[in-house]
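Visitor: Hi, could you walk me through this structure? I'd like to hear about the places where its parts meet.

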Amino acid sequence: MEISITINGKEVKANIKANTLLSTFIRENLNLTGTHVGCDTSQCGACAIHLNGDAVKSCAILAAQADGAEITTIEGIANGDELHPMQQAFHENHGLQCGYCTPGMVMSSIKLVENNPNISEEEIRKGLEGNICRCTGYHNIVKSIKQAATEMGG
Amino acid sequence: MYELEYSMPSSVNDAVAEIKKSSEAKYLAGGMTLIPTLKARLSSADMLVDLKGANLSNVSVSSSEIVIGSMTRHCDVASSSEVLSSLPALAKLAGGIGDHMVRNCGTIGGSLANNDPAACYPSAVLALDATIITNERAITAEDFFVGMFETALNENEIITEVKFPIPEKASYIKFPNPASRYAMVGVFIAKKANGVAVAVTGAGENGVFRCSEIENALNSSFNVGSIDNVEISPDGLNNAIHASGSYRANLIKEMAKRALNEMI
Ligand SMILES: Cc1cc2nc3c(=O)[nH]c(=O)nc-3n(C[C@H](O)[C@H](O)[C@H](O)COP(=O)(O)OP(=O)(O)OC[C@H]3O[C@@H](n4cnc5c(N)ncnc54)[C@H](O)[C@@H]3O)c2cc1C
Ligand code: FES
Ligand code: FES
């Protein structure tokens with residue numbers, strides 16, 4: 001089937017099989033491999049993207065469902081060479097180790113902060129229920145998000 | 001995932017016409033249960049009929065009831081000013097389902113049609129005596145939940161909205177599974193003009209159920225102490241890897257006490 005999606009500001013049209021997952025479409029058709037796939041059970045959040053302004057798990061959505069939508073992936077949040085405040089904060093606070101969960105952490109937490117600019121540490125920890133990290137123990141992730149929240153205007 | 005076709009009709013009638021084209025077709029709502037099970041080949045469909053275009057996501061409120069369209073997402077119930085002011089326990093329940101990304105997709109209709117034994121909404125529907133409205137009829141909560149993953153819905157029947165009578169007070173507390181966030185045990189308590197209703201999810205072998213032991217105790221004395229004296233039998237409770245029946249029996253009392261504490 002034909003779909004048309006605006007991804008990171010650019011419109012793409014594609015002919016896909018209706019059973020194509022949005023995460024597969026993003027990674028394999030568009031070669032935007034920053035969006036990761038970390039589980040089979042829709043629990044890890046490594047595949048988080050923004051779909052029409054909401055953080056969602058792209059591994060649990062069909063590309064067909066996103067026909068006509070606007071999508072932002074981890075590749076679309078920096079402003080040229082200038083990292084998004086959330087990316088910069090992860091960088092400065094050692095908010096990652098292997099980096100596998102990081103794109104999902106960043107995309108998910110941008111929305112947590114946008115929807116709650118004065119987010120508390122407890123709200124951050126609760127908000128990350130859908131993002132699993134097997135490396136960091138979360139401490140520096142929470143610290144990164146706290147810093148980014150201040151810079152993003154909270 | 002097996003190969004399939006996808007369509008997004010723009011009305012309930014068109015959706016019914018579309019699904020009748022194949023015996024293997026399924027409705028698609030938020031996809032938060034259906035897509036993962038299709039992916040894992042735990043279920044299959046040759047066509048998905050997406051209900052997103054069928055105009056089923058309105059929330060409205062009157063003095064006696066809240067009506068929620070079946071395609072209303074969990075995040076929208078959680079943040080609805082109508083729900084927050086007339087039935088805050090339901091907004092809280094919706095805001096505690098899964099995580100914020102799941103709530104941005106999953107819907108009340110999908111959750112009820114699926115009737116997962118650990119899902120949150122069924123407890124609210126049962127305790128509040130809500131009515132499930134479909135394209136064919138109105139179904140009482142008591143008749144709707146038939147068993148684990150089983151409901152009274154006919155083949156091709158679509159839930160269009162859910163009507164919740166507004167209680168005097170209500171509260172929902174769950175003990176979430178640490179990985180999935182589903183309820184290991186969740187208890188919804190509603191204080192209504194005709195008495196107290198207590199519905200338990202996550203614990204029963206056949207899904208959600210009313211807990212008459214706690215209801216009787218609270219109808220005679222509406223305080224936390226009266227729950228202490230209740231005996232909950234582990235018979236008929238889920239004895240599975242995450243928790244034994246007797247552990248869940250204890251959690252039912254504990255969650256009921258916490259829910260009650262929020263009400264008084
Ligand atoms: C990581 C994760 C955590 C979760 N945690 C929780 C939790 O804590 N508590 C909880 O309650 N749930 C939880 N869920 C489930 C979530 O709430 C789902 O959204 C819900 O169970 C299914 O709703 P859906 O809209 O996604 O439906 P879908 O997955 O699209 O559909 C589910 C089933 O219902 C049918 N259907 C859908 N809509 C209708 C309709 N209007 N009429 C008739 N049939 C219909 C479909 O054909 C399908 O068989 C979780 C899910 C995930 C992935
Ligand atoms: S890959 Fe999507 S939640 Fe794990
Ligand atoms: S940094 Fe390795 S999984 Fe999070």
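**Where the parts meet**

Guide: Happy to. Between domain 1 of chain A and domain 2 of chain A, the count is 0 salt bridges. Keep in mind that this is a predicted model.

Visitor: How many residue pairs are in polar contact across that interface, then?

Guide: The rule finds 7 residue pairs in polar contact across the interface of domain 1 of chain A and domain 2 of chain A, with both residues at pLDDT 80 or more. On the domain 1 side, the elements giving two or more residues are strand 3 (48-51) and strand 4 (54-57) of chain A. Strand 3 of chain A has the largest share of that side, with 3 residues.

Visitor: And what's the make-up of that side by class?

Guide: The side of domain 1 of chain A that touches domain 2 of chain A has 7 nonpolar, 9 polar and 1 charged residues.

Visitor: Let me back up a bit. Where are the two domains of chain A?

Guide: Domain 1 covers 2-75 and domain 2 covers 85-151 of chain A. Taken over C-alpha atoms, the centres of domain 1 and domain 2 of chain A are 21 Å apart. In terms of contacts, 17 residues of domain 1 of chain A meet 13 residues of domain 2 of chain A.

Visitor: How much area do they bury between them?

Guide: Domain 1 and domain 2 of chain A bury about 1,200 Å² between them, and 63% of that is on carbon and sulfur atoms. His36(A), His50(A) and Ile74(A) supply 41% of the area that domain 1 of chain A buries against domain 2 of chain A, more than any other three residues.

Visitor: Switching topic: what about chain A and chain B, how much area is buried there?

Guide: About 2,100 Å² is buried between chain A and chain B, with carbon and sulfur atoms giving 58% of it. On the chain A side, Asn19(A), Gln65(A) and Glu129(A) supply 27% of the area buried against chain B, more than any other three residues. Contacts link 27 residues of chain A with 28 residues of chain B.

Visitor: How many salt bridges are there between chain A and chain B?

Guide: The count is 4. One joins the side chains of Arg181(B) and Glu129(A), at 2.7 Å from N to O. There are also 10 residue pairs in polar contact between chain A and chain B, both residues at pLDDT 80 or more.

Visitor: Which element of chain A gives the most to the side that touches chain B?

Guide: That is strand 4 of chain A, with 4 residues. By class, the side of chain A that touches chain B divides into 12 nonpolar, 9 polar and 6 charged residues.

Visitor: You mentioned Asn19(A). Where does Asn19(A) lie?

Guide: Asn19(A) is in the loop between strand 2 (10-15) and helix 1 (22-29) of chain A. Leaving out residues up to four places away in sequence, Asn19(A) touches Leu62(A), Met1(B), Tyr2(B), Glu3(B) and Leu4(B). A polar atom of the Asn19(A) side chain lies 3.2 Å from the backbone oxygen of Met1(B).

Visitor: Is Asn19(A) buried or exposed?

Guide: Asn19(A) counts as buried because its relative accessible area is 15%, and buried means under 20%.

Visitor: Last one: what does Asn93(A) touch?

Guide: Not counting residues up to four places away in sequence, Asn93(A) touches Asn140(A), Lys143(A), Ser144(A) and Gln147(A). Asn93(A) lies in the loop between helix 2 (85-92) and helix 3 of chain A, and Asn93(A) counts as buried at 12% relative accessibility.

Key
Residues are numbered from 1 along each chain as its sequence is written. Chains are lettered from A and ligands numbered from 1 in the order in which they are written. This is a predicted model: local features need pLDDT of at least 70, side-chain atom pairs count only at pLDDT 80 or more; totals for chains, interfaces and linings use all residues. Side-chain values use heavy atoms; hydrogens and water are left out. Domain bounds come from an automatic or database domain assignment. Contact means heavy atoms within 4.5 Å. Buried area is the accessible area (1.4 Å probe) that two parts lose on being put together, summed over both. A polar contact is a pair of N or O atoms within 3.5 Å; within protein, one must be able to donate a hydrogen and the other to accept it, and residues adjacent in sequence count only if both atoms are side-chain atoms. Ala, Val, Leu, Ile, Met, Phe, Trp, Tyr, Cys and Pro count as nonpolar, Asp, Glu, Lys and Arg as charged, and the others, Gly among them, as polar. Buried means under 20% relative accessible area, exposed over 50%, partly exposed in between (1.4 Å probe, protein chains only).
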